[in-house]
Protein chains: 2
Amino acid sequence: MGEFPLIARVVARSGTASLADVGPGDDAAVLRTPDGRVVACTDVLVEGRHFRRDWSSAEDVGHKAAAANLADVAAMGAVPTALLVGLACPADTSAAWLEGVAVGMAAECAPFGAAVVGGDTSASAPDSSAVVLSVTALGDLGGRAPVLRSGARAGDVVAVAGRLGWSACGLAVLRRGFSAPAAAVGAHRRPLPPYAAGPAAADAGATAMCDTSDGLLADAGHLAADSGVVLDLDRAVLRETYVVGPLPQVAAALGGDPLGWVLTGGEDHALVATFPPHVALPEGWTRIGVVHEPTEDGPGVRVDGVPAAQVAAELGEETGHVHFG
Amino acid sequence: MGEFPLIARVVARSGTASLADVGPGDDAAVLRTPDGRVVACTDVLVEGRHFRRDWSSAEDVGHKAAAANLADVAAMGAVPTALLVGLACPADTSAAWLEGVAVGMAAECAPFGAAVVGGDTSASAPDSSAVVLSVTALGDLGGRAPVLRSGARAGDVVAVAGRLGWSACGLAVLRRGFSAPAAAVGAHRRPLPPYAAGPAAADAGATAMCDTSDGLLADAGHLAADSGVVLDLDRAVLRETYVVGPLPQVAAALGGDPLGWVLTGGEDHALVATFPPHVALPEGWTRIGVVHEPTEDGPGVRVDGVPAAQVAAELGEETGHVHFG
């Protein structure tokens with residue numbers, strides 16, 4: 001199938017962006033930007049590193065690729081408006097598989113009135129039979145100030161919205177050759193970022209925010225470094241609040257402490273943010289720690305006062321999400 | 001080198017976008033959109049299909065990847081404001097090569113006050129040692145109506161801005177193992193799209209416009225199809241105006257009619273547009289034909305009345321740019 005009929009079939013599955021004046025099919029899309037600013041980010045997903053076609057359906061891949069980007073938009077305090085998709089895939093990739101990806105992306109975008117408004121396709125590199133997806137998300141701040149990683153101040157509280165460790169738990173299950181429990185495997189295939197919590201945090205006065213695509217300790221570390229502070233997290237609260245759902249059962253079956261997944265597992269796209277001390281946290285947010293001035297060791301993340309790297313090592317994990325490829 | 005220090009080094013080479021409130025380094029960039037709309041497009045470049053590292057320097061690749069996208073922005077009648085870059089590359093890709101790509105992109109963007117404002121990197125697929133670049137460009141219409149592919153009307157004139165066939169001529173040179181003439185090879189490595197001609201055409205009342213990334217006949221064909229018209233091009237004008245620079249000399253040396261490159265060569269990113277019959281064409285635009293009502297064969301492109309596919313076949317070319325991979 002040639003490029004143009006294929007694109008037409010995929011576009012037909014992509015839905016319509018409510019803010020698009022010009023959608024797919026021209027040299028570029030034109031999108032209204034009510035705020036007067038546009039939020040924009042890009043995330044790359046590589047087959048064999050971020051997904052496997054035997055572990056995830058085409059629709060799963062579409063959901064996951066969209067979610068990774070839409071969560072970044074939410075982490076600025078914005079609402080997604082559109083996606084653009086760069087795709088390199090083997091020449092023999094079936095139209096059905098590509099349509100599945102489009103359907104997954106469209107479903108992930110639809111609640112916001114967002115949709116794929118443009119993109120480009122190419123054959124994979126001559127040496128490769130892998131799919132590479134590069135997705136760009138655009139968003140609108142609706143008058144909010146963007147919430148950066150650099151605004152956390154000593155005395156702030158640290159809070160999280162969304163699930164932690166579920167995707168890593170699901171990946172552990174798949175790696176052992178199992179496909180249940182469905183809650184864990186499903187979380188790996190289709191993360192459920194807490195999109196609404198991003199703008200809600202901005203409205204509530206969050207001082208800093210980012211998404212946890214690389215895992216809580218790693219991404220909180222970026223926030224700590226950019227803000228020049230220490231985030232001290234409460235291990236008991238983390239265990240009580242986040243070692244839930246399939247995590248205890250799977251950890252018991254496979255061995256190991258499920259707190260490792262909570263602290264270092266990536267791709268759930270939870271949001272971590274800091275708020276001034278007396279702010280009432282918005283719905284969906286849980287207080288997990290406090291912000292301190294940096295110690296003589298500099299900024300960073302601690303858990304009950306213990307440096308993040310040491311905590312992760314004791315749990316047999318590395319900080320910083322390592323993909324499976 | 002880990003991902004974060006590498007990104008920092010590349011970002012340091014990327015320049016600053018004049019409209020960026022938030023640049024690289026957070027979950028997303030935030031860019032002002034003075035027009036109240038944003039133009040957005042994505043183009044994928046795959047090593048071994050769109051470039052070869054032995055034929056193009058890192059800076060060449062950066063220029064080319066940026067130009068392919070910036071030309072699409074211009075083809076809407078807009079001015080580029082920012083790029084986002086999704087990159088999959090082998091883990092052993094040198095920082096110097098990636099910095100070179102960043103330098104090339106920055107140089108191509110700088111005249112507009114645009115720059116790379118965000119992106120993401122990943123290791124290539126496990127089976128591949130190729131670089132895949134997916135670049136998204138954003139642009140601002142400055143109050144202009146976007147010029148679509150669908151607005152050409154019978155009686156309009158067809159015009160082109162920019163060079164045609166130079167990149168294909170350069171590729172023919174490289175394929176034979178030569179590296180001169182420099183004008184041809186340089187045009188393949190770093191196209192020179194006529195960026196300013198896009199907004200100028202919009203201001204002058206262009207009825208339809210697109211860029212010629214796939215070659216004149218192919219892209220004029222998209223315009224004809226979307227507008228439901230016939231574009232009839234003037235062979236004598238095309239030969240006289242565009243068989244220039246290195247084309248006659250290289251064609252004489254390699255054999256073949258250089259008009260083939262002019263009509264079917266891609267990646268020069270010239271602009272093709274239609275204008276109402278009595279409009280004075282803006283600077284840089286050359287009249288190459290006229291628009292007719294569709295014949296019984298439907299919409300399409302003709303050269304002196306002969307269908308495009310027949311003309312291309314007689315010249316030994318295919319319509320529709322075929323990459324070299």
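Q: What makes 61% of the 325 residues of chain A count as buried?
A: Buried means under 20% relative accessible area, with exposed over 50% and partly exposed in between (1.4 Å probe, protein chains only); in chain A, 61% of the 325 residues count as buried. This is a predicted model, in which local features need pLDDT of at least 70 and side-chain atom pairs count only at pLDDT 80 or more, while totals for chains, interfaces and linings use all residues. Side-chain values use heavy atoms, without hydrogens and water.

Q: Why is chain A called as compact as a globular protein of its length?
A: The globule rule is 2.2 Å times the number of residues to the power 0.38, and the radius of gyration is taken over C-alpha atoms. For 325 residues the rule gives 20 Å and chain A has 20 Å, so chain A is as compact as a globular protein of that length.

Q: How do you know which residues Ser124(B) is in contact with?
A: Contact means heavy atoms within 4.5 Å. Leaving aside neighbours within four places in sequence, the residues in contact with Ser124(B) include Val46(A), Arg49(A) and Ala130(B). The side chain of Ser124(B) also reaches the backbone oxygen of Ala130(B) at 2.8 Å.

Q: Why is H2(B) called largely enclosed by the rest of the structure?
A: Of its 17 residues, 16 are buried, so H2(B) is largely enclosed by the rest of the structure.

Methods. Residues are numbered from 1 along each chain as its sequence is written. Chains are lettered from A and ligands numbered from 1 in the order in which they are written. Helices (H or I, at least four residues) and strands (E, at least two) are DSSP runs, numbered from the N terminus. A polar contact is a pair of N or O atoms within 3.5 Å; within protein, one must be able to donate a hydrogen and the other to accept it, and residues adjacent in sequence count only if both atoms are side-chain atoms.
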